[in-house]
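Please keep the sequence and the model side by side while going through them.

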Amino acid sequence: MNCEQVKPQFADYLVRNLSEEANIEVQRHLTVCDPCRNELQILESTWTRLGTLPEQKPSPTMRARFYAALEAYQDQLQSTQAATKRRVTLTDWLDGWWPKRQAVQLATALLLFVVGLGMGRWLPPKDRSTEEMAHLRDELRDMRQLVTLSLLQQQSASERLKGVNWSYQIAQPDDRVVTALLETLNSDPNVNVRLGAVDALQQLAGHAGVRASLVQSLPRQESPIVQVALIDLLVELKEGRSAEVLRKLVHDNRLHKAVRARAETGLKQIS
Amino acid sequence: MDSTADNLLMFKVRDGDVGKFSFLFERHHRALFNFFLRLTGNRDLSEDLVQEVFFRMLKYRHTFRADSQFSAWMYQVARNAYVDHFRKHKHEAVLSDGEEDDSTSEPSSPELTPEERLGKRQEACLVRQALARLSVDKREVLILSRYQGLKYEEIANILGCEVGTVKGRVFRAIRDLSEIFFQLSREGSGMSAAG
């Protein structure tokens, strides 16, 4: 190989994409050609320097924007499909049943008009939700749950907080979401995220085991602001099982005095 | 998850299971964001373009064919979105050639000393400056190959040209970039000598 033949191989050389045979040829040329060897050294060094550019993270709003757009798109798609389906069914039905003679058509139309009037007047309004809509709702719920769970596991606190907020959009969250929120309440390193979890769990107080878990969580909390929020919630829920924990808090001298005072009032409110 | 899984997911999306698109977003949005960021140097614009690309892929999902490769298709759509944007906004500067907010970078290794960290930041800043001085077509091919990890054949497919053209362009891009690094180091030493 001469210089003219070797240079077109440099791009492949940089990404280690040369065949063994071509690689040997290039190496052989480099041992005898100083200019090519020097040039390739510079190119390799530049290629390596490009690796120092770190990867950047997009802002947290980007994910939220995407999911909002996807949801809107799905809604639009479903309503268009439902409309098309209705149109096709009606047309097919009419093709099969609509009389061919004009006089009979007129009579049928009048009859249908009268029947329609009667039905409109006497029939009670009906729930139009179909099986398809129920299925769609289930899918939407699954997607929201997935987003919530995924966000709650993120490293960034703002992402996890967003996960907490997403949980509000789930009509009836399943155990995975509830467990994840309780886990967040008990062990998230960020106070704001834990506070968010208290609020989110308030909505889920009817879910099996949530009330008991809230009571158990109270003595584990270390931040006064979370302790007070949790006491507020237990009092609002009139959770009798929290009395013993509240009593202990009242007598715990290590706690912030505002927490002890709130526990004391809370105790009176639930008893 | 590999490229086959990507293709299968996209087939499902194409056939109406639009919810599966979220998996593709989770898997690719970050790489796509960095592609645009390295190309334009503008964070806000890069985020907008990522949204635009995912929206276009959804809207034109029926054009995803049986023999398509998802990532190549995505970068094709990305390239069109980028070209369309700059056709509409000709007056806007293409690339800011300097500082990037390091708070959004990946955390650097904790074992580095403050001096080493500073050195890395300065080097990254220099690379950004150098890339900004490269022509767009060379910058694009370099980013696709060096950062997005695409093979020359895939890049040729995305750009709609011969593999040989891609290889030639990569070679010239790296050669130009080496020259730019040299100029920047001279400018730097000139400035410190003047200071």
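1. A residue is called buried when its relative accessible area is under 20%, exposed when it is over 50%, and partly exposed in between, with a 1.4 Å probe and protein chains only. On that basis, buried residues make up 36% of the 271 residues in chain A, and 47% of the 195 residues of chain B count as buried.

2. On the basis of the values, this is a predicted model in which local features need pLDDT of at least 70 and side-chain atom pairs count only at pLDDT 80 or more, while totals for chains, interfaces and linings use all residues. Residues are numbered from 1 along each chain as its sequence is written, chains are lettered from A and ligands numbered from 1 in the order in which they are written, and side-chain values use heavy atoms, with hydrogens and water left out.

3. Helices (H or I, at least four residues) and strands (E, at least two) are taken as DSSP runs and numbered from the N terminus. Chain A has 14 helices and zero strands, and chain B has eight helices and zero strands. Read from the N terminus on, the elements of chain B therefore run α-α-α-α-α-α-α-α, given how such runs are defined.

4. Accessible areas come from the Shrake-Rupley method with a 1.4 Å probe, and for residues only the protein chains shown count as cover. The accessible surface of chain A comes to about 17,000 Å², of which carbon and sulfur atoms hold 55%; chain B exposes about 9,800 Å², with 50% of it supplied by carbon and sulfur atoms.

5. A contact is counted when heavy atoms lie within 4.5 Å. If one takes the contacts in chain A between residues at least 6 apart in sequence, 62% of them join residues at least 24 apart, and the corresponding figure for chain B, between residues at least 6 apart in sequence, is 65% joining residues at least 24 apart.

6. Two packed helices are described by the angle between their axes and the distance between the axes. The axes are lines fitted to C-alpha atoms, for helices over the stretch in contact, and the angles run from 0 to 180 degrees between N-to-C directions. In chain A, helix 3 (residues 20-32) and helix 4 (residues 34-50) pack at an angle of about 115°, with their axes 6 Å apart. That makes helix 3 of chain A roughly perpendicular to helix 4 of chain A, given that angles under 35 degrees count as roughly parallel, over 145 as roughly antiparallel, 65 to 115 as roughly perpendicular and the rest as oblique.

7. Which residues of these two helices of chain A meet? From helix 3 of chain A come A:His29, A:Leu30, A:Thr31 and A:Val32, and they meet A:Asp34, A:Cys36, A:Arg37 and A:Leu40 in helix 4 of chain A. By class, this contact of helix 3 with helix 4 of chain A has four nonpolar, two polar and two charged residues, where Ala, Val, Leu, Ile, Met, Phe, Trp, Tyr, Cys and Pro count as nonpolar, Asp, Glu, Lys and Arg as charged, and the others, Gly among them, as polar.

8. In chain B, the axes of helix 6 (residues 136-147) and helix 7 (residues 152-159) come within 10 Å and cross at roughly 140°, and the two helices of chain B are therefore oblique to each other. The contact is made by B:Glu140, B:Val141, B:Leu144 and B:Ser145 of helix 6 of chain B together with B:Tyr152, B:Ile155 and B:Leu159 of helix 7 of chain B. By class, the contact of helix 6 with helix 7 of chain B has five nonpolar, one polar and one charged residues.

9. B:Val18 is found in the loop between helix 1 (3-14) and helix 2 (21-40) of chain B, and at 3% relative accessibility B:Val18 counts as buried. Not counting residues up to four places away in sequence, B:Val18 touches A:Leu70, A:Tyr73, A:Gln74, A:Leu77, B:Val13, B:Leu58 and B:Arg61. B:Val18 and B:Leu58 are 40 residues apart in sequence and 8.0 Å apart in space, C-alpha to C-alpha.

10. B:Asn34 has its place in helix 2 of chain B and is buried, with a relative accessible area of 2%. Residues up to four places away in sequence being left aside, B:Asn34 touches A:Glu55, A:Gln56 and B:Gln148.

11. A:Arg16, although not a glycine, has a positive phi of about 55°; A:Arg16 is found in the loop between helix 2 (10-14) and helix 3 of chain A and is exposed, with a relative accessible area of 61%. A:Lys238, although not a glycine, has a positive phi of about 50°, lies in the loop between helix 12 (224-236) and helix 13 (243-250) of chain A, and counts as exposed at 64% relative accessibility.
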